[in-house]
Amino acid sequence: MKRILVAMLFVAAAGHAQRWQPSDRLRIVNLNDPQISPDGRSVALVVTRANTKENRWDGDLVSIDVASGEQHLLVTDRRGLASPRWSSDGTTLAFLANGSAEKDAKRQLWILPARGDDPHRITDVPRGVQQFAWSPDGSQLAVVTSDDPVTAEEKGNKAFEIGDDDYLITAAPTPSHIWLVSVGGDHIARLTKGSWSLPVAHPPGPAPSPLSWSPDGKTIAITRRETAHGGTPNANRVALVDVASGTVRRLTSRTLEETQPVFSPDGTQIAYWHVRGSQPGNENAIWLTSANGGVGVEVTKNLDRNVYRAIWLPDGKSFITGAHDGTSTSFWLQPVDAPARRIDLGLVQPYFGYWIDVSVATTGAIVFTGSTPTHPRELYVMASVDAAPRQLTHFNDALVSSIQLGRTEAISWKNETFDEDGVVTYPPDFDATKKYPLVLYIHGGPRSSSGVGFSTITQSFAANGWIVFQPNYRGSDNLGNAYVRAIRDDAGAGPGRDVIAGVEALKKRGFIDETRIVVGGWSYGGYMTSWMIGHYPIFKAAVSGAAVNNLLDEYVLSDSSLGRRLTWGSPFVGENMKKYVEQSPITYASKIRTPTLIMSDTGDVRVPITQSYQMYYALKDNGVPVKFIAFPVSGHSPEDPIHGTEIERQYVTWFAQYLK
């Protein structure tokens, strides 16, 4: 059933606007992966809404006219809708969607003529299409899919060898490779093969390195991993595939931490990701090299931020990149031979889902999605990098106009040698002469940050009359490389002092009730929550979500074993076990007296639920009020609308018991 492309109008009685509730996140219209047409006249956009009856996000593929903002529904009622991409001449859209109405169907590749004909499927690969890219001439597409599993000769024998894998693996991983499919779908042929693999995404995390065709169509730049085992994300290197023969050659001589290669518009250069200064543990940087090979130069060397993506401008003389920047997300124009300059986005905070969500037309027009402190994501267009952003959509206007929201602002303080910052969200009726409970909500990562963009969970807290504080502790990626590296071998103690320094700075403003402070977070925010309640007895309650409580478990059971081995060393070598124990919150669990809610996913390979079980029994056995909620889903956090909303509801309910 087709849906009208405007949000349902929720009208509140005059003077009685309701406050934000966790359930209101189900009313948000989410906008993803905007792709501007080559001529800059229209934008293809995935628009998703919550389907609570079947507990999923339903996506529509929408075309939006850049000049007028007029919307046209292109595709609806297709599960798994994602990744719209224009052909180079702008006459055709390709996208991914499930191959049938069955819930377990795999994503396949579909083609849609821009003139409005019905889409038709051009692939039927058994294990689904992970990603794809148009050839420059529009005659074919490169698709990535995983190989079929190798079956044992002995019937019923399903034994397999474990490598650097997470503890939930149930079969030998198979490599992912490139196939070429004609635009009509009548011809498909394998391009690459072998035991090596293209990377596969394991959410949450960045999208797998996109395929990048050279402008002449002769070469595809890829990220190559020497094994399909999931615990080796650092073992990436950039490679070039010859389209005629399938031959693969290295771009550089490095063996680690290269990814995301992108050909320049003239095909002579390749921009790619690699760590700053080639030092493991540094923030990410963009490097530029000749398409003929070599490591090239660190073109973002003078831009001391953890930058992600290189979106070339049409002239090939510069590209757009982006990063967390203080309490904002910023775009920069990075020339190939000069320092970067920040692009003025006004009050708009670009969406940053592990990288910037930007598309550029051949005209130089730019589109991206972004929010403001009091408005969820909408679509914005800029005629050029020097133009002001213009809002193209208003999907969420009716929602926010019916709800009274809390004000958000950035704050800063000094601690030890660092200038630090964070974000405060106030209750809607905030009065600086009164005292308010404080919710300390700590971001995950740690290589991430809290910013002033729209946040549902902080608005849920503020709606209850609580002040919300989100500190950016050392290890956050918003204040430069030294701040990122300051967490090395100091996972909890240093960040803990940063958090407390921020709380003290906020208390000096005079409106914090120091007897009613609670703390919570997810992932590394869960780690920090467990650490804080084991070291600072000031909290009335805590919510520890998907917490890294035991670094030994994290090393041997998660999907990030190689990365930790490279940065910390193996806990089983030399004296390394000592720091794994000293920096694990579970070591200090006997000191905890804070009533704690624990939450985790049963299928979490990033932070295995075993660590939540350990903290649960540690607190229970010591007589600490504790509750453990598990979500029977895969991934590091629930992606479905009902469980995502339930997490926010559990936070609010648990804190409310102790902030009366």
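## A cis peptide bond

P446 lies in the loop between β34 (436-442) and α2; helices (H or I, at least four residues) and strands (E, at least two) are DSSP runs, numbered from the N terminus. The peptide bond that joins G445 and P446 is cis, with omega at about 0°. Most residues other than glycine have a negative phi, and most peptide bonds are trans.

This is a predicted model, in which local features need pLDDT of at least 70 and side-chain atom pairs count only at pLDDT 80 or more, while totals for chains, interfaces and linings use all residues. Residues are numbered from 1 along each chain as its sequence is written, and side-chain values use heavy atoms, with hydrogens and water left out.

## Residues with positive phi

D33 is not a glycine, yet its phi is positive, at about 50°. D33 belongs to strand β2 (residues 30-36). With a relative accessible area of 16%, D33 is buried (under 20% relative accessible area; exposed is over 50% and partly exposed in between, with a 1.4 Å probe and protein chains only).

A546, also not a glycine, has a positive phi of about 45°. A546 is placed in the loop between β37 (541-545) and α6 (551-557). A546 counts as buried, at 0% relative accessibility.

## The chain as a whole

The chain has 10 helices and 39 strands. Its radius of gyration is 25 Å, close to the 26 Å that the globule rule gives for 660 residues, so the chain is as compact as a globular protein of that length. This radius is taken over C-alpha atoms, and the globule rule is 2.2 Å times the number of residues to the power 0.38. Along the principal axes, the C-alpha atoms fill a box of roughly 70 × 65 × 55 Å.

Of the 660 residues, 58% count as buried. The accessible surface comes to about 26800 Å², and 51% of it belongs to carbon and sulfur atoms.

## The cavity

A cavity is a set of points on a 1 Å grid over the protein atoms alone where a 1.4 Å probe fits but cannot get out; lining residues have an atom within 4 Å of a point. The count comes to one cavity of 30 Å³ or more. The largest cavity has a volume of about 50 Å³, a volume being the space filled by probe spheres set on the points, which are joined across faces, edges and corners.

The lining of the largest cavity includes P373, T408, F454 and Q470. β33 (418-425) and α2 (456-462) each supply at least two residues of this lining.

Methods. On a 1 Å grid over the protein atoms alone, a cavity is a set of points where a 1.4 Å probe fits but cannot get out, and a pocket is an open set with protein on both sides within 12 Å along at least five of seven lines; lining residues have an atom within 4 Å of a point. Accessible areas come from the Shrake-Rupley method with a 1.4 Å probe; for residues, only the protein chains shown count as cover.
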